[in-house]
Amino acid sequence: MKQLLLLIGFLTALSCYGQSNENRKSENAIPAVVDSLYREDQFYIGLSFNLINNEPVDFTQNGFSGGLHLGFIRDMPINKRRNIAIGVGLGLST
């Protein structure tokens, strides 16, 4: 039964086509024109939990030490092609 299902799956996969050649362009799909206003600004959110390893004998841990991190990073391109940039940001962590 397993071999029959494998054979049917293989034969079905042979009849499938991922792309048609009719609509295919000979040029690169990535445009050569760069949007001068494009920036990769980001908001970020993070969660963390700290666990203590190799604790002293008299130490007891009563749960997890959790943390929350959030902030914003602004992309500042430094060349004309805009492919090299510095990210400056502001965040809060607790």
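Here is a short tour, sorted by topic.

This is a predicted model.

**How confident is the prediction?**

- The chain has a mean pLDDT of 80, and 78% of its residues reach 70 or more.
- Confidence in the chain is highest in β3, at 94, and lowest in α1, at a mean of 80.
- A word of care as you look around: where pLDDT is low, the predicted coordinates should not be read in detail.

- The antiparallel pairing of β2 with β3 runs over 9 bridges.
- In general, strands of a sheet pair through backbone hydrogen bonds, either parallel or antiparallel.

**The salt bridge**

- Which two side chains meet in a salt bridge? They belong to D41 and R74, with 2.7 Å from N to O.
- This pair links distant parts of the chain, 33 residues apart: D41 is in the loop between α1 (2-14) and β1 (42-50), while R74 is in strand β2 (residues 65-77).
- D41 is partly exposed, with a relative accessible area of 30%, and R74 is partly exposed too, at 35%.

- D75 belongs to strand β2. Is D75 buried or exposed? D75 counts as buried because its relative accessible area is 16%, and the cut-off for buried is under 20%.
- The side chain of D75 reaches the backbone nitrogen of E40 at 3.2 Å.
- Apart from its neighbours within four places in sequence, D75 is in contact with R39, E40, D41, A85 and I86. Among these, D41 is the residue whose side chain meets R74 in the salt bridge.
- G67 is also found in strand β2, and G67 is buried, at 14% relative accessibility.
- G67 and F49 show how folding brings residues together: they are 18 residues apart in sequence, with their C-alpha atoms 6.2 Å apart in space.
- Setting aside neighbours within four places in sequence, the contacts of G67 are G46, L47, S48 and T94.

**Two residues in the loops**

- N54 is in the loop between β1 and β2. With a relative accessible area of 78%, N54 is exposed.
- What is the phi of N54 near? The value is near 55°, which is positive in a residue other than glycine. For background, most residues other than glycine have a negative phi.
- N79 sits in the loop between β2 and β3, where N79 is partly exposed, at 27% relative accessibility.
- The side chain of N79 joins that of N83 in a polar contact of 2.7 Å.
- The side chain of N79 also reaches the backbone nitrogen of I84, at 3.5 Å.

Terms used:
Residues numbered from 1 in each chain as written. Heavy atoms only, no water. Salt bridge = Lys/Arg side-chain N within 4 Å of Asp/Glu carboxyl O. Helix = DSSP H or I, 4+ residues; strand = E, 2+ residues; numbered from the N terminus. Buried < 20%, exposed > 50% of the residue type's maximum accessible area, 1.4 Å probe, protein only. Pairing = 2+ DSSP bridges. pLDDT = per-residue confidence, 0-100. Polar contact = N/O pair within 3.5 Å; in protein donor to acceptor, adjacent residues only side chain to side chain. Contact = heavy atoms within 4.5 Å.
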